[in-house]
Number of protein chains: 2
Amino acid sequence: MPAEKSRIGLTIVFTGEGKGKTSAALGTIVRALGHGFRIKVYQFIKTPSKTGEQRTLKRLGVEVESLGKGFTWRNKDRDEDIDLARKGWEKAAAAIKSGKYDMVVLDELNYVLDYGFLKSHSVIKVLEAKPEALHVVITGRGAPGELVDFADLVTEMKMVKHPYHSKGIKAQEGVEF
Amino acid sequence: MPAEKSRIGLTIVFTGEGKGKTSAALGTIVRALGHGFRIKVYQFIKTPSKTGEQRTLKRLGVEVESLGKGFTWRNKDRDEDIDLARKGWEKAAAAIKSGKYDMVVLDELNYVLDYGFLKSHSVIKVLEAKPEALHVVITGRGAPGELVDFADLVTEMKMVKHPYHSKGIKAQEGVEF
């Protein structure tokens, strides 16, 4: 069981153009699970499907909620995107405030912020008031400056080499999805 | 079950000074497990212990072998370090060649190469001859140039902000170990 008393909940951001952002969040979950953490994952872009990660997280008993159903961030109707992003964030914010979790993962939230479907200050306001021991992990390209300023730990995944660019190899099942 | 026929095994490197290298490898395992991959993990630095990640990987049935017992890379006796690194690598090389796995993770191997305990060309020689469908994931700071040149996918984790540096917060259980 996690020692909540001595724990300082961190806001962790994985951003940048390179591969490994969601993977690093998944790995953080693996580590946290080994300490008995209660974890909730919100996937802001992905639709509920049978990706490898969703299957394994289910097996580990991690609650995963995909908010991407219909939320394509390519809709012609921008108002609809904004509405979906806001509704998704309301769910995530409620989980953050609830005190029910030791770690909340907001996968691809940066995209949603970067596209302007959600305001950074609304997110930061909730993070400022989060339970002290709660870790929050946020992934996605384009983390806004205000979020980087607020966060405790920020890693930028820099693409040095990508198989598609370097060798024309397409996305491989089991590695990229 | 993985579709071995159409699979192109990638050599993936997570390097750099920032956090998230081993986490990204763990996340890659999570994804791969969801596709039924057979996975072996060698930890070149860590000693066998009860880290969060080791506990969860065990729960998932992933074979983890820690080669760090006694291998401190701080020994006064450099010959002993070299000997331990070489013996560890022999085990990993045998697993790579065996055809028994879909993914082999070489956690912190870059350190061992960077310290000169093992030669990059010995590693690359084995990777060049690996089974075609096998994915190999290598982590650790200081990935040597020859390995970056050889690899298919390379991400550099760049430290933008670290809680110890930015706020004096020490390593948190469940996040960093």
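How many residue pairs are in polar contact across the interface of chain A and chain B? The rule finds 33, with both residues at pLDDT 80 or more. Polar contact here is a pair of N or O atoms within 3.5 Å, where one must be able to donate a hydrogen and the other to accept it, and residues adjacent in sequence count only if both atoms are side-chain atoms.

Some ground rules. This is a predicted model: local features need pLDDT of at least 70, side-chain atom pairs count only at pLDDT 80 or more, and totals for chains, interfaces and linings use all residues. Residues are numbered from 1 along each chain, chains are lettered from A in the order written, and side-chain values use heavy atoms, without hydrogens or water.

Now the interface. 56 residues of chain A are in contact (heavy atoms within 4.5 Å) with 56 residues of chain B. The buried area is about 4900 Å². That is accessible area, 1.4 Å probe, lost on putting the two together and summed over both. Carbon and sulfur atoms give 56% of the buried area. On the chain A side, Arg31(A), Lys161(A) and Val175(A) lose the most, together 15% of what that side buries.

Next, charges. The rule finds four salt bridges across the interface. The rule asks for a side-chain nitrogen of Lys or Arg within 4 Å of a carboxyl oxygen of Asp or Glu. Lys158(B) forms one with Glu156(A), closest N and O atoms 3.6 Å apart.

Last, the strands, which are DSSP runs of E, at least two residues, numbered from the N terminus. E6(A) and E6(B) run antiparallel, joined by seven bridges. Pairing takes at least two DSSP bridges. Val154(A) has Lys161(B) as its bridge partner.

Conventions
Helix = DSSP H or I, 4+ residues; strand = E, 2+ residues; numbered from the N terminus.
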